[in-house]
Amino acid sequence: VELPDPVAIASMQLQHPRLLGSGGGGAVFSMEDANSKSKQNAPSSSKAVAVKVSWRRSAVSVENECHILQLLQDSSVSGVETCLGQAPYPADPTRVMIALQPVFTQDDVIVNSVSDIDSLDK
């Protein structure tokens, strides 16, 4: 997976991709919303957006994942990710990208897994 820098999803201009990991649905990157730079003193975690790029065979399920997360948000369900939007993957329009938040940090460093966070209060 290669992402252009920046890449547009919804109204965001996402830049500086950093691979977090990959799995059955696709590869996940942490990116920064260039538009959030104007927000003074915003914590880095609020600027970070996870971008999931589907594999060809999982494009429909990744689109559905975003749709379900948006329905949960509309129903005020707490404790789940927010899907901020989706867009076709520029290098292969049969694949899809979705933008998600939150991205978890430990001492302002993005972590790949919540198991990397050292205390339950965070």
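These legends accompany several close-up views of one predicted model.

**View 1. Six strands make up an open antiparallel sheet.**
Let's start with the overall layout: the strand order is E1-E2-E3-E4-E6-E5. Strand E1 (7–9) and strand E5 (82–89) lie at the edges, each pairing on one side only. On average, neighbouring strands of this sheet are turned by 40° against each other, direction ignored. As a reminder, strands of a sheet pair through backbone hydrogen bonds, either parallel or antiparallel.

**View 2. Strands E3 and E4 run side by side in the antiparallel sense.**
Here you can follow E3 (residues 26–33) along E4 (residues 48–54), with seven bridges between the two.

Look for Ala 50, whose bridge partner in E6 is Leu 100.

**View 3. The largest nonpolar core has 15 residues.**
Leu 3, Ile 9, Leu 14, Met 31, Val 51, Val 53 and Met 97 have the most contacts inside this core. E1, strand E2 (12–22), E3, E4, E5 and strand E6 (92–101) each supply at least two of its residues. Zoom in on Leu 14 to see who surrounds it: leaving aside neighbours within four places in sequence, Leu 14 is in contact with several residues, including Pro 6, Val 7, Ile 9, Met 31, Val 49 and Val 51. Its contacts also include Asp 5, Glu 32 and Asp 33. A second, separate core has 11 residues, among them Ala 48, Ala 59, Val 62 and Leu 100.

**View 4. A disulfide joins Cys 66 and Cys 83.**
One disulfide is found in a search of the whole structure. A disulfide is a covalent bond between the sulfur atoms of two cysteines. In this pair, the sulfur atoms of Cys 66 and Cys 83 are 1.9 Å apart. Cys 66 belongs to helix H2 (residues 59–74) and Cys 83 to strand E5, so to speak distant parts of the chain, 17 residues apart. The torsion about the S-S bond is about -90°, so the disulfide is left-handed. Both Cys 66 and Cys 83 are buried.

**View 5. Glu 65 and Lys 52 meet in a salt bridge.**
A search of the whole structure finds two salt bridges, and this view shows one of them. The N to O distance between the side chains of Glu 65 and Lys 52 is 2.8 Å. Glu 65 counts as partly exposed at 23% relative accessibility, whereas Lys 52 is buried, with a relative accessible area of 15%.

**View 6. Arg 56 and Asp 92 also meet in a salt bridge.**
Their side chains come to 2.7 Å, N to O. Arg 56 lies in the loop between E4 and H2, while Asp 92 is in strand E6, 36 residues apart. Arg 56 is exposed, with a relative accessible area of 61%; Asp 92 is buried, at 10%.

Definitions and conventions. Residues are numbered from 1 along each chain as its sequence is written. This is a predicted model: local features need pLDDT of at least 70, side-chain atom pairs count only at pLDDT 80 or more; totals for chains, interfaces and linings use all residues. Side-chain values use heavy atoms; hydrogens and water are left out. Two strands pair if DSSP finds at least two bridges between them. Helices (H or I, at least four residues) and strands (E, at least two) are DSSP runs, numbered from the N terminus. Axes are lines fitted to C-alpha atoms, for helices over the stretch in contact, and angles run from 0 to 180 degrees between N-to-C directions. A nonpolar core is a set of buried Ala, Val, Leu, Ile, Met, Phe, Trp, Tyr and Cys residues joined through side-chain atoms within 4.5 Å. Buried means under 20% relative accessible area, exposed over 50%, partly exposed in between (1.4 Å probe, protein chains only). Contact means heavy atoms within 4.5 Å. A disulfide is a pair of cysteine sulfur atoms within 2.5 Å. A salt bridge is a side-chain nitrogen of Lys or Arg within 4 Å of a carboxyl oxygen of Asp or Glu.
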